[in-house]
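Q: Got a model open here and want to walk through it. Can you take my questions as they come?

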Amino acid sequence: MESLQLLLDGFGAALTPVNLMYALIGVTLGTLVGVLPGIGPAMTVALLLPITFTVPPTSAFIMFAGIYYGGMYGGSTTSILLNTPGESSSMITALEGNKMARRGRAAQALATAAIGSFVAGTIATALLVVAAPAVVSFAIAFGPEDYFALAILAFTAVSSVLSRSVVRGLASLGLGLVIGLIGIDQQTGQARLTLGIPQLLDGIEVVVVAVGLFALGEALYVASRLRHSPPEVMPVGRAWMGRSDWRRSWGPWLRGTALGFPFGALPGGGAEIPTFLSYAAEKRLSGGDEFGKGAIEGVAGPEAANNASAAGTLVPLLTLGLPTSATAAILLAAFQQYGLQPGPQLFDHNPALVWGMIASLFIGNTMLLVLNLPLAPLWARVLRIPRPYLYAGIVVFAALGVYALNGSLVDLWVLFLLGLLGFAMRRFGLPVAPAVIGLILGPMAEVQLRRALAIGAGDVSVLVKSPIAVILLALAVLALLAPLVRRLWARRSGEPVTASSQQD
């Protein structure tokens with residue numbers, strides 16, 4: 001009952017005219033960005049992080065949440081009409097969605113994706129209302145050693161799951177940890193990795209790193225691979241579904257939601273695994289006769305799993321301060337810009353912010369459904385924007401936003417250096433998300449480690465005296481060993497071993 005009352009208070013905050021405007025801006029921007037290949041919600045939130053200096057926290061996070069959900073919606077449009085997933089979590093949608101479009105059923109594919117996203121997002125947000133207070137009450141018992149073990153679990157899980165190779169994931173994580181060390185050590189007062197540059201004594205701002213690695217790095221990478229021929233966009237009319245489409249879609253929507261939410265809440269779970277599992281489950285349940293030719297179940301289930309995982313991602317982010325995806329890492333950076341630390345105290349000290357953001361998810365879902373069904377032909381036209389203009393604008397906007405932070409040329413140089421680093425990481429297959437998570441969680445892990453060792457008078461065994469810490473560290477070891485076990489199992493069963501697994 002207390003959660004319901006807090007949610008009603010959150011609706012009171014989210015339904016103000018100003019916050020409704022920010023919600024509409026967020027979902028519109030998110031959908032627009034999700035439609036464009038190569039530009040995901042993480043990149044958009046990163047580009048807009050500089051507004052945290054002028055917009056109130058509640059309004060900013062309502063807009064960011066709208067961008068997050070809108071990006072999940074918009075990614076299906078690119079997958080269906082272009083066979084080009086805007087996000088890795090939309091890859092499965094492209095398998096059947098584009099084949100439906102080629103059969104003249106693009107409208108039905110877009111409709112089942114939009115309605116499935118609405119159903120899954122609404123149910124998953126309701127589960128978030130129930131799950132978040134329960135996790136908060138559990139997290140209150142966490143000590144320094146438990147938070148350190150939680151950070152280690154996040155490092156290993158994200159490095160092994162969000163990359164094709166554990167080695168590459170850990171290498172990206174190491175880069176993020178090194179960047180996080182730059183500045184003055186808060187305990188000893190010693191300058192670390194500043195290269196004698198006074199402007200680096202306070203460290204590199206998370207906004208600069210996020211914009212550089214995500215936005216600028218992606219823009220440079222896509223620009224290096226631009227094709228001058230215009231994309232072939234499938235024609236689409238008004239999105240609609242027949243009675244048979246409804247009958248075949250409602251089951252996959254519910255099953256996809258049941259798969260997506262818990263995976264989103266797991267460290268390193270993400271949206272990729274539940275979308276694959278949903279596709280496999282629907283193929284098995286339907287007999288698979290139409291799969292590979294444009295089965296509507298292959299669009300409905302994965303899209304529901306994709307959007308449900310987005311709400312699941314907010315559970316560890318808000319309750320533990322633990323980002324389990326790239327966009328969640330950028331949202332955590334936004335919290336830090338406001339001097340806020342997600343976790344149990346956030347629910348006690350800033351209930352209006354937390355519950356206003358959760359309530360805005362219900363509102364944003366409704367806005368997205370209204371936007372996506374009638375405006376599908378308009379989003380299809382957006383795909384024809386010339387890429388050179390698009391990515392040149394991103395570079396200019398990123399530079400202006402970062403320069404506006406402190407009016408410092410050093411920030412601009414750091415931005416462009418990080419943009420080149422982000423380009424190189426994409427060029428050589430290093431995932432960006434572990435680097436950002438290492439940058440954000442690294443300092444927290446260092447502080448908690450020092451606190452735990454201080455409490456234990458320097459005895460390292462204090463790190464494994466708590467049952468919670470032992471369980472979390474055991475899960476971290478499993479996350480590292482899982483790819484090795486999968487590779488050994490594949491060899492024993494005679495399945496081919498992929499190149500990426502050989503690189504592990």
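Q: Which residues in H2 meet which in H4?
A: From H2: Val18, Asn19, Tyr22, Ala23, Ile25, Gly26, Val27, Leu29, Gly30, Thr31, Gly34 and Val35. From H4: Thr58, Ser59, Ile62, Met63, Gly66, Ile67, Gly70, Gly71, Gly74, Gly75, Thr77 and Thr78. Contact means heavy atoms within 4.5 Å.

Q: What should I know about the model and the numbering?
A: This is a predicted model, where local features need pLDDT of at least 70, side-chain atom pairs count only at pLDDT 80 or more, and totals for chains, interfaces and linings use all residues. Residues are numbered from 1 along each chain as its sequence is written, and side-chain values use heavy atoms, with hydrogens and water left out.

Q: Back to that pair. What are the angle and axis distance for H2 and H4?
A: About 30 degrees, with the axes 6 Å apart. H2 covers residues 17–35 and H4 covers residues 57–82. The axes are lines fitted to C-alpha atoms, for helices over the stretch in contact, and angles run from 0 to 180 degrees between N-to-C directions.

Q: Parallel or antiparallel, H2 to H4?
A: Roughly parallel. The bands: under 35 degrees is roughly parallel, over 145 roughly antiparallel, 65 to 115 roughly perpendicular, and the rest oblique.

Q: And how does H4 cross H12?
A: At roughly 155 degrees, with the axes coming within 10 Å. H12 is residues 297–320. That makes H4 roughly antiparallel to H12. On the H4 side, Tyr68, Tyr69, Met72, Tyr73, Ser76 and Ile80 make the contact. H12 brings Val299, Glu303, Asn306, Asn307, Ala310, Ala311, Thr313 and Leu314.

Q: Zoom out. How many helices and strands?
A: 20 helices and two strands. These are DSSP runs, with helices (H or I) of at least four residues and strands (E) of at least two, numbered from the N terminus.

Q: How much of the protein is buried?
A: 56% of the 504 residues. Buried is under 20% relative accessible area, exposed is over 50%, and partly exposed is in between (1.4 Å probe, protein chains only).

Q: What about the nonpolar core, which residues have the most contacts inside the largest one?
A: Phe64, Ile204, Leu314 and Ile330, in a core of 138 residues. Helix H15 (residues 351–382) gives the largest share, 14 residues. A nonpolar core is a set of buried Ala, Val, Leu, Ile, Met, Phe, Trp, Tyr and Cys residues joined through side-chain atoms within 4.5 Å.

Q: What does Ile204 touch?
A: Ile179, Ile182, Val209, Val414 and Leu418, not counting residues up to four places away in sequence.

Q: Is Leu195 buried or exposed?
A: Exposed, at 77% relative accessibility. Leu193 is partly exposed, at 47%.
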